[in-house]
Amino acid sequence: MSRHASTPQTLTAPAPAATQAPASAPAPDPGPRRGIGGLIPGIALCAAGIALAFAISTVTGPISALLIAIVLGMLMRNTIRVPDLVEPGIAFSAKHLLRAGIVVLGLQLAIGDILALGWGVLLLVVAVVVVGLASSLAMGSMLGLSRPHSLLIGCGFSICGAAAVAGADGVIQDKKEEEVVSAVALVVVFGTIMIPLLPLMASAIGFTTDQTAMWAGASVHEVAQVVAIGGALGGAALGAAVIVKLARVLMLAPVMAGIAIVERHRLGQRGADASATTMPPVMPMFVALFIVAVILRSILPMPQGLLDAASLVQILLLGAAMFGLGAGVELSMFRRLGLRPVILALGSTVAVTVVGGLGAALLA
């Protein structure tokens with residue numbers, strides 16, 4: 001994304017004291033407008049992006065508007081020059097609207113619905129997350145990737161896509177911006193590939209519709225991608241796939257807390273170096289609010305109209321955020337990073353897909 005710096009001033013020798021006139025201070029480069037007013041153009045652009053994505057999704061059928069939004073953002077970034085005026089709002093949408101959408105997503109999660117899956121499915125969800133994270137860290141180390149980069153990719157691929165990358169971004173120290181952006185881009189690319197690929201593999205194996213739905217919920221990266229697969233399966237498969245996926249989303253809170261505790265311990269071991277570094281929170285505020293939303297949904301009777309409105313708000317927030325995330329992906333970034341992150345993304349996808357498939361074969 002664009003960065004602004006003050007325009008360098010020409011250096012001249014000072015005039016003699018007797019003749020030097022008082023000089024007025026050079027006018028600073030105003031750069032992008034700050035405050036709410038400076039965010040409006042970029043937020044409006046992201047809103048237009050999700051509106052266009054919804055329009056396209058009416059034609060594309062099962063392909064989610066959220067996936068279309070992030071693709072539109074990537075196309076915009078890599079085909080035209082994006083005006084500097086909209087950059088602050090795009091960055092705000094990609095980070096803060098995403099986190100707000102995650103909080104509202106909590107209202108779609110009732111703990112009773114998750115427990116109703118049974119202990120077998122819950123253990124499968126835990127296994128997918130643990131294996132996904134552990135294998136990503138191990139493969140990343142073998143590939144020579146940084147620990148933060150491997151962890152960002154592992155969280156995105158094993159928990160809930162871009163939302164998990166955003167959560168990990170809040171607690172992982174020493175990561176680079178391009179590592180965060182590339183993790184999001186890889187989640188989108190590989191998860192989208194799984195939309196047609198997983199049903200084809202399930203058909204070749206001989207899975208039932210219920211097994212395919214469980215496999216999708218346990219293995220595919222983004223909620224929107226799971227919705228696309230479940231919608232194509234039809235019937236009750238969509239609900240089953242989404243519930244299993246939401247059980248993985250619920251893993252966001254304990255995993256982020258665990259990573260934060262490890263990061264704080266690592267920083268503490270650095271001694272003097274840690275004193276200059278801001279300790280990550282044990283749990284990011286938006287993850288804590290997500291938990292509050294889940295608890296409220298679980299203990300309070302909520303009218304269906306309210307839940308439908310919350311679902312719409314969640315889609316709009318996440319859609320605008322996805323457009324903003326896509327607009328942060330410059331394809332030239334992958335030339336700088338090389339093939340190693342792509343190889344790790346492939347390995348992480350294979351790991352969670354194998355575990356999820358085995359679980360679906362045994363449990364569904």
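Residues are numbered from 1 along each chain as its sequence is written, and side-chain values use heavy atoms, with hydrogens and water left out. In this predicted model, local features need pLDDT of at least 70 and side-chain atom pairs count only at pLDDT 80 or more, whereas totals for chains, interfaces and linings use all residues.

The chain contains 17 helices and zero strands, taken as DSSP runs numbered from the N terminus (helices H or I, at least four residues; strands E, at least two). Of its 364 residues, 48% are buried, that is, under 20% relative accessible area, with exposed meaning over 50% and partly exposed in between (1.4 Å probe, protein chains only). Among contacts (heavy atoms within 4.5 Å) with a separation of 6 or more, 79% join residues 24 or more positions apart.

The mean pLDDT, the predictor's confidence in each residue from 0 to 100, is 83, and 87% of the residues score at least 70. Residues 1–33 have pLDDT below 50, and this stretch makes 23 contacts in the model beyond near neighbours in sequence. Where pLDDT is low, the predicted coordinates should not be read in detail.

L331 lies in the loop between α15 (304–326) and α16 (332–337). L331 counts as partly exposed because its relative accessibility is 45%. The C-alpha atoms of L331 and N78 are 7.0 Å apart, although 253 residues separate the two along the chain.
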